[in-house]
Amino acid sequence: MGKKTGFAAVVIGAFLLVLAVLAKTYAYDQLATVPLDQETETVSKTAPGDDATYLNVGAEGGPAIETGPLESRRKVVGQVEASKDASDELDGDIAVWDTFSYTAPPGTPAEESLSGTRDLVPFDRVTGETVRWPGASTETSGVKIEPTVFYGQYFKFPFNTQKKDYEFWDGSVKKATPATYEGTDELEGLSVYKFVQEIEPVKIAELQVPGNLVGSTEPSVLADRIYGNTRTLWVEPETGVIIKGQEEQLATLEVDGETKATITEAKLGYDDETVKATVDDYATKASLLKMIRVWIPLIGGILGVVLILGGAVLLLRSRGGDDDAPKHAATDSDAPADTADAKA
């Protein structure tokens, strides 16, 4: 009985060890990869009663600075064929996603928005970090720039995001700057890491603007556009998905180094519906990834070793008991001869 139990323990233990290794080296790698055919939409809004200041170049009577609520919509669509092309050309596992975002007062169609940008972005399917690919592009107000070199994280953070700083892309300054880890929060019951990216005010363009926008009597004036932003990102660490994003933008017009007008002052963040939908989409996958990355290898490895060692002990004891047993049963022929018979 001990021999059978020991053998079964060794077999089960070996199975658990193999399962632990495969979970860590194969199953996790298969799951911790972004899809090529992604399709999502997020909505960011100003908080109720928290109006934004913005430049409306399409206002009646010419460009004007207005105030009111704003919302920003962003749609992301994976480009399967482009992803395959980029992977072949770069000899890697690359996803290419197309993203179009625009900002406008609520209810305004995309074609009448205040601003809109379309990016075609290639990035590593595991780390989420952008890569250089000739097909990458940016289109703003109908002007296409190709190729565009993106840097850092763009759509997401790496699978198994760490509590450290990451470089994150900003389309206004056309570069990646640090997104600093600032602690752990909870959104809709899901644990998330909080990252903050501070972009200090910097000149990003020169604009020919109507003189009245900057307090000048001239018909038009060349002004510097100054841009700053505080971007806060709440990231689910197992998937690297941004569960909630928020931006506090400030853009001004400067003439001869002096601020003349504020053309953007807005705080926009994912609305509650977007946050809840994102949590619903990724909470289960996050749990599955953690189970495969941590718990199955840990528990399977420990139980596997314990069962193998325990089974080996049972097998050795069983073998030892067999060695100590009598080689054959006693018979009458082994008994000493009767004294009377001996005398006879």
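**Chat about a pocket and some rings**

Me: Which helix gives the most to the lining of the second largest pocket?
Reply: That's helix 3, with six residues. Helices here are DSSP runs of H or I with at least four residues, strands are runs of E with at least two, and both are numbered from the N terminus. The model is predicted, so local features need pLDDT of at least 70 and side-chain atom pairs count only at pLDDT 80 or more, while totals for chains, interfaces and linings use all residues. Residues are numbered from 1 along each chain as its sequence is written, and side-chain values use heavy atoms, with hydrogens and water left out.

Me: How much space lies in that second largest pocket?
Reply: About 470 Å³. A pocket is an open set of points on a 1 Å grid over the protein atoms alone, where a 1.4 Å probe fits, with protein on both sides within 12 Å along at least five of seven lines; lining residues have an atom within 4 Å of a point. The volume is the space filled by probe spheres set on the points, which are joined across faces, edges and corners.

Me: And which residues are closest to its centre?
Reply: Of the 22 lining residues, Q38, T40, V241, T278 and Y282.

Me: What classes of residue does the lining have?
Reply: Eleven nonpolar, six polar and five charged. Ala, Val, Leu, Ile, Met, Phe, Trp, Tyr, Cys and Pro count as nonpolar, Asp, Glu, Lys and Arg as charged, and the others, Gly among them, as polar.

Me: OK, new topic. How many aromatic pairs are there?
Reply: 13. Rings of Phe, Tyr and Trp (its six-membered ring) pair if their centres lie within 6.5 Å; planes under 30 degrees apart are stacked, over 60 edge-to-face, and the rest tilted. One of them is W97 with F123, edge-to-face at 4.9 Å centre to centre and 80° between the planes.

Me: What does that pair tie together?
Reply: W97 is in strand 5 (residues 94-104) and F123 in strand 6 (residues 115-124), so the pair links parts 26 residues apart in sequence.

Me: Is W97 buried or exposed?
Reply: Buried, at 5% relative accessibility. F123 is buried too, at 0%. Buried means under 20% relative accessible area, exposed over 50%, partly exposed in between (1.4 Å probe, protein chains only).

Me: Last one: where does the charged end of K244 sit?
Reply: Over the ring of W234, 5.0 Å from its centre. The rule is NZ of Lys or CZ of Arg within 6 Å of the ring centre and within 35 degrees of the ring normal.
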